[in-house]
Amino acid sequence: MAANAPTSTQVSAIPEQGTSLWQDAWIKLRKNRLALYGLAILVLLCLVSLATPWIAPYGYEEQNLGLGATAPSLQHWLGTDIFGRDMLTRIMYGGRVSLAVGFIATAVALVIGVLWGAIAGFTGGRVDALMMRIVDILYALPFMIFIVLLMVIFGRNIFLLFFAIGAVEWLTMARIVRSQVMSLRKQEFVEAAHSLGLSQWTIIRRHIIPNTLGPVIVYTTLTIPSVMLLEAFLSFLGLGIQPPQSSWGLLINYGVETMEEYPWLLIFPGIALSLTLFALNFLGDGLRDALDPRTSKD
Amino acid sequence: MQKLISSLLPVCTVAICLILSGCGMGESRVESGNREGILHWGNATEPQSLDPHIATGVPEHKIITALMEGLVLKDSTTLEPIPGVAESWHISDDGLIYTFYLRKNARWSNGDPHNAHDYVWSWWRALQPALGNLYAYMYFPIYNAQAYYEGDLQDFTDVGVKALDDHTLQIQLENPTPYFLQLLDHYSLFPVHRPTVEKFGTADERGTRWTFEGNLVGNGAFTLNEWKINRYISVNKNPHYWDAERVKLNQVYFYPTENLTTEERMFRAGQLHYTYEVPVDKIAVYRQKKSQELQISPYLGSYFYRFNTRVEHLSDKRVRRALAMAVDRQKIADQVLKAGQVPAYAITPPNTMGYYPQSNLTFDPDQARALMAEAGYPNGQGFPKTEILYNTQEEHRKVAVAIQQMWKDVLNIDVVLLNQEWKVYLDSVANGDYAIARAAWIGDYVDPNNFLDMWLCDGGNNRTGWCNPDFDQMILEQAPKAKTHAERLKIFTQAETLLLEDMPALPLYIYVSKHLVSPSIKNFPQNILNQPSFKDIYLQAPDTAMSDITGKETN
């Protein structure tokens, strides 16, 4: 047995070309079939959303009061709502809003949260204490009041909605990143990097951030759906988007009202939203595994 | 009265209630209520206030009439005046002097004696301008009340309200007012308990704590027991009430059931005896079952949109008329509302005391486009951004969405929808902070005057900034002096024609009242004002064998 054991390191004449973190990640991700499906679905949904104004079968506000709510048929594949509006069209347009809110608001939260948490965690001391107290204060502020205030001051505007949600969602992200960074900066490999003379910024870039990516990605994939639902909630209160525009969250909200009479008004937007959430979760899962620098390279 | 019907929120609360009652107890709230005499009443929203001189809404009205009472009451079937705090009254031959003889056994809910001086003081309070009583004009039939309210008269003793002795109240009117007795059953003319009001602030201070749980003292059949914000308001039978022996209910719970769908589910789960509304899409289901729980009846209420005439582009009456002509009311009534609402082309509901408004308003897209072009917006070009404001509720949203699209189709203009919670919405409209606002008016008494005198210049419930001295003159001067009923109605017709010509409000439809009513509620006749008399209602668990007998069609 021992005789056939392969040598663990094959010494070749050419020095091994080191692969970057991202190359590694891509190689690993490609082997994760579920994550790839997730990615494909997301890309497809995004493409459909982008192309909606050209490919939608009807106008999203086109009413046909005489028709009313009808079950799926050949003319209206996903049925019509109580105003006789085509559900497929409305779901496609709703997807534009929901995906945009989901991605943009989460991106805002991600950028602010990661930077804030990393700086606080890495610097430590008084700066850390001050920054985290600010987070605590914002936490204590009921987020509804915060968003309502923003809306009242700056007026209702869909981009402000993205920003307002992002500005609320970054708090947890900052805390997660900070705690990760705090535990990382005392680890041997960081100290080793220090003693090798690497600059602070290089250490953050090469060692700290890659090591925080796992939890950050998981949290991000959780944030996107909660942001989409938050948007629906705000719109329902009259703070987000307003009819005749719609989003998946709103469609679901309206669908719930009539789920016994017209179940398709709830089921189809529900499928669209759950499909997105599943895709995001599988992709997030895959990315976390792929990006974890602690798993061995193979 | 402002008609609300509003929205979402206490969903969580309601959900928790459903969960709590769903499991655990074997008996539903309605069943235990039937046994213990506790009525569970869906009341649409958290009240704006329980102060009768401040509140303006229908949900508030329901609670206040349980807690307080006026000189006269209305028979809940015929709506004829019947004795309340006054056991009898005398009207002079010229119809100007009303003398009320108050009951000796009338008491406030803390046991204090209740007498004629309470009315003089309360009405003085209601006419203090600082109180901001939007219903102050309800007092204007009383001699000198308007002059006093507007500051032309300083001395309240010159107003036509006098306590001749502790139990005799004399009221002098400006003109014979056929609906005056009906007015006395309106909460804006209810008395308030002076020591309580003064204990928590000055008489003309708004929003003091005198109406809160533990503080409020009333003279009605019930007393305020608990006020749990966004959960419920409960009232207990008042032992000091003069007619306490006849009151059969021990308690009434009022729930802020803003979400219609949730309310309907609560009803089905045995959480409510009575719902404030029925969701549009459920009506067909209940009709199909021939359910006797569904009660749809005529309702003296008008649904309309207010135009804020202080907004520049809406100050042009051509624009207002164009917008009104571009709405297909028949379609809204038949295909959006679906409960037998009648399309309205005037503000006053037809056949209000024999009054039929004349209207030249029709659904006329061509004329609407022409008027719009004349006003400077050909094919909708350059029409400024306009918002429709409504209080959060599904039915208002549906109507607004349909109208938004009709205006887009006919006039090619884009309007934005904006929804606000009931209290915020009331504030926005009262402050003129809107462009177009959904509104409704429910009769306080059965007379066309009720739907027309709100449009007086600076009337508390006008809120559109519209003002036409000719109209005021007809309502305030001519109509009250009319010799015959027919002549009076003719003046109203002229006034309403004027109103519709200027169109500060866009009439949409005449209400029907839609409720789910538990068969265990007894002695609860429907009337066109949709006003319940809580002191008469009693509960009796239906005999299960009988409950399947098919219901009456109440359409």
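## The loop at B:Met503

B:Met503 sits in the loop between α17 (485-502) and β16 (505-516) of chain B. The phi of B:Met503 is near 50°, a positive value in a residue other than glycine. B:Met503 counts as buried because 24 other C-beta atoms lie within 10 Å. The cut-offs are these: buried means 20 or more other C-beta atoms within 10 Å of the residue's own, exposed means 12 or fewer, and partly exposed lies in between, with C-beta atoms placed from the backbone.

B:Asn530 also has a positive phi, about 55°, and is not a glycine. B:Asn530 belongs to the loop between β17 (521-522) and β18 (538-539) of chain B. With 22 other C-beta atoms within 10 Å, B:Asn530 is buried.

## Model and confidence

This is a predicted model, in which local features need pLDDT of at least 70, side-chain atom pairs count only at pLDDT 80 or more, and totals for chains, interfaces and linings use all residues. Residues are numbered from 1 along each chain as its sequence is written, while chains are lettered from A and ligands numbered from 1 in the order in which they are written.

The predictor assigns the complex an ipTM of 0.71 and a pTM of 0.78. Chain B has an average pLDDT (the predictor's confidence in each residue, from 0 to 100) of 88, and 93% of its residues score at least 70. Residues 5-24 of chain B fall below 50, yet this stretch has 40 contacts in the model beyond near neighbours in sequence. Two residues are in contact if their C-beta atoms, placed from the backbone, lie within 7 Å. Residues 545-555 of chain B also stay under 50 in pLDDT; the model has 12 contacts for them beyond four places in sequence.

## Chain B: overall form

Chain B holds 17 helices and 18 strands. Its radius of gyration, taken over C-alpha atoms, is 24 Å. The globule rule (2.2 Å times the number of residues to the power 0.38) gives 24 Å for 555 residues, so chain B is as compact as a globular protein of that length. Along the principal axes, its C-alpha atoms fill a box of roughly 70 × 60 × 40 Å.

Of the 555 residues in chain B, 50% are buried. Take the contacts in chain B between residues at least 6 apart in sequence: 70% of them join residues at least 24 apart.

Strands β8 (residues 222-228) and β9 (residues 232-237) of chain B pair in the antiparallel sense over 6 bridges. Pairing requires that DSSP find at least two bridges between the strands. B:Thr223 stands opposite B:Asn236 in β9(B). The hairpin of β8(B) and β9(B) has 3 residues between its strands, and B:Asn230 takes a positive phi near 65° there.

B:Met266 lies in helix α8 (residues 260-268) of chain B. B:Met266 is buried, with 24 C-beta neighbours inside 10 Å. B:Met266 and B:Glu421 are 155 residues apart in sequence and 21 Å apart in space, C-alpha to C-alpha.

## Nonpolar cores

A nonpolar core is a set of buried Ala, Val, Leu, Ile, Met, Phe, Trp, Tyr and Cys residues joined through C-beta atoms within 7 Å. The largest has 158 residues, and B:Leu67, B:Val252 and B:Ala326 have the most contacts inside it. Helix α13 (residues 394-411) of chain B gives the most to this core, 9 residues.

B:Ala326 is in contact with B:Pro365, B:Ala368, B:Met406, B:Trp407, B:Val410 and B:Leu411, leaving aside neighbours within four places in sequence. A second, separate core has 63 residues, among them A:Leu78, A:Met92, A:Val101 and A:Leu171.

## Chain A and the interface

Chain A has 10 helices and 0 strands. Buried residues are 38% of its 298 residues. A:Leu266 is in helix α10 (residues 264-291) of chain A. A:Leu266 is partly exposed, with 19 C-beta neighbours inside 10 Å. Not counting residues up to four places away in sequence, A:Leu266 touches A:Ile252, A:Gly255, A:Val256 and A:Met259.

At the interface, 15 residues of chain A contact 21 residues of chain B. The chain A side divides into 6 nonpolar, 6 polar and 3 charged residues. Here Ala, Val, Leu, Ile, Met, Phe, Trp, Tyr, Cys and Pro count as nonpolar, Asp, Glu, Lys and Arg as charged, and the others, Gly among them, as polar.

Notes. Helices (H or I, at least four residues) and strands (E, at least two) are DSSP runs, numbered from the N terminus.
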